[in-house]
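Here are my notes on this model for you. Keep the structure open while you read, and look up each residue as it comes.

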Amino acid sequence: SGGDEPDGSGKFITAFFRNAAIKDGVTEIGSYSFYSNSKIVELTLNEELEIINTCAFNNCTLLNKINFSSISKLHTINNGAFNNCDQLVRVSIPSSVTKLGATAFGGCNNLKELYIPSSVVSFGNELIGGSTNCVITTSSDNLDTLKEICVLLGIKKYTPVFSLFST
């Protein structure tokens, strides 16, 4: 059987067999809403979602996949939103996002690839702090953002990686 969010109201999320989906109509996920949830493995975000607040999914240690809507309205992923989600390996931020908060993906020790679109114009310190093997990828028109992120993370040498195929 499935379950609802930690408070049991079912207002924001429905989870079945460790797959969770943010319900249609939800535009914002509150701070610490799913903090330390040990059941969510795969998360699907609806197209109406606009903001993921501070530490909303922090320490969801089994979360390994985030499905963003292809027509997402998400514009803000706040501080620590997915901090310490150790099982995340690859995350591709949708092109609607303009802000990534500090440590949004910090402490995601198995994160290997983070795609940041050119729409992101604001990002916090330690965006991927602790994710020492992570490769940040971006579009070819977004090199300045890549440079800024590397400076914030203390990376002195980096090599931009571009896909030969457009997505």
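**Notes on the model**

1. Start with burial. Of the 167 residues of the protein, 43% count as buried. Buried means under 20% relative accessible area, exposed means over 50%, and partly exposed is in between, with a 1.4 Å probe and protein chains only.

2. Know what you are looking at. This is a predicted model, where local features need pLDDT of at least 70, side-chain atom pairs count only at pLDDT 80 or more, and totals for chains, interfaces and linings use all residues. Residues are numbered from 1 along each chain as its sequence is written, and side-chain values use heavy atoms, with hydrogens and water left out.

3. Next, the elements. The protein has 13 strands and 1 helix. Helices (H or I, at least four residues) and strands (E, at least two) are DSSP runs, numbered from the N terminus. From the N terminus on, the order is β-β-β-β-β-β-β-β-β-β-β-β-β-α.

4. Now surface and contacts. The accessible surface of the protein comes to about 8600 Å². Carbon and sulfur atoms hold 50% of that surface. These areas come from the Shrake-Rupley method with a 1.4 Å probe; for residues, only the protein chains shown count as cover. A contact means heavy atoms within 4.5 Å. Of the contacts in the protein with a separation of 6 or more, 34% join residues 24 or more positions apart.

5. Look at the open sheet. It has 5 strands in the order β4-β6-β8-β10-β12, with parallel pairing. Its edge strands are β4 (28-29) and β12 (122-123), and each pairs on one side only. Two strands pair if DSSP finds at least two bridges between them. Strands of a sheet pair through backbone hydrogen bonds, either parallel or antiparallel. Between β10 and β12, which run parallel, there are 2 bridges. Leu-100 has Phe-123 in β12 as its bridge partner.

6. How do the side chains along strand β3 (residues 19-22) point? They alternate: Ala-20 and Ile-22 point to one face and are buried. Opposite Ala-21 stands Thr-44 in β5.

7. The aromatic rings deserve a close look. The structure holds 4 aromatic pairs. Rings of Phe, Tyr and Trp (its six-membered ring) pair if their centres lie within 6.5 Å; planes under 30 degrees apart count as stacked, over 60 as edge-to-face and the rest as tilted. Take Phe-57 and Phe-82: their ring centres are 5.3 Å apart and their planes meet at 5 degrees, so this pair is stacked. Phe-57 sits in the loop between β6 (51-52) and β7 (65-67), and Phe-82 in the loop between β8 (76-77) and β9 (90-92), so the pair ties together parts 25 residues apart in sequence. Both Phe-57 and Phe-82 are buried.

8. Follow Phe-82 further. Phe-82 and Phe-105 form a stacked pair, 5.4 Å centre to centre, with 5 degrees between the planes. Phe-82 is in the loop between β8 and β9, while Phe-105 is in the loop between β10 (99-100) and β11 (113-115), so this pair ties together parts 23 residues apart in sequence. Phe-82 has a relative accessible area of 0%. Phe-105 is buried too, at 0% relative accessibility. Ring pairs link Phe-34, Phe-57, Phe-82 and Phe-105 into a cluster.

9. Turn to the cysteines. How many disulfides does a search of the whole structure find? The search finds 0. A disulfide is a pair of cysteine sulfur atoms within 2.5 Å. For Cys-55, the nearest cysteine sulfur is that of Cys-85, 10.0 Å away. For Cys-60, the closest cysteine sulfur is also in Cys-85, at 5.1 Å, too far for a bond. Cys-60 is buried, with 0% relative accessible area.

10. Finally, check two backbone angles. Cys-55 is a residue other than glycine, yet its phi is positive, near 55 degrees. Cys-55 lies in the loop between β6 and β7, and counts as buried at 10% relative accessibility. Asn-84 is not a glycine either, and has a positive phi of about 60 degrees. Asn-84 is placed in the loop between β8 and β9. At 29% relative accessibility, Asn-84 is partly exposed.
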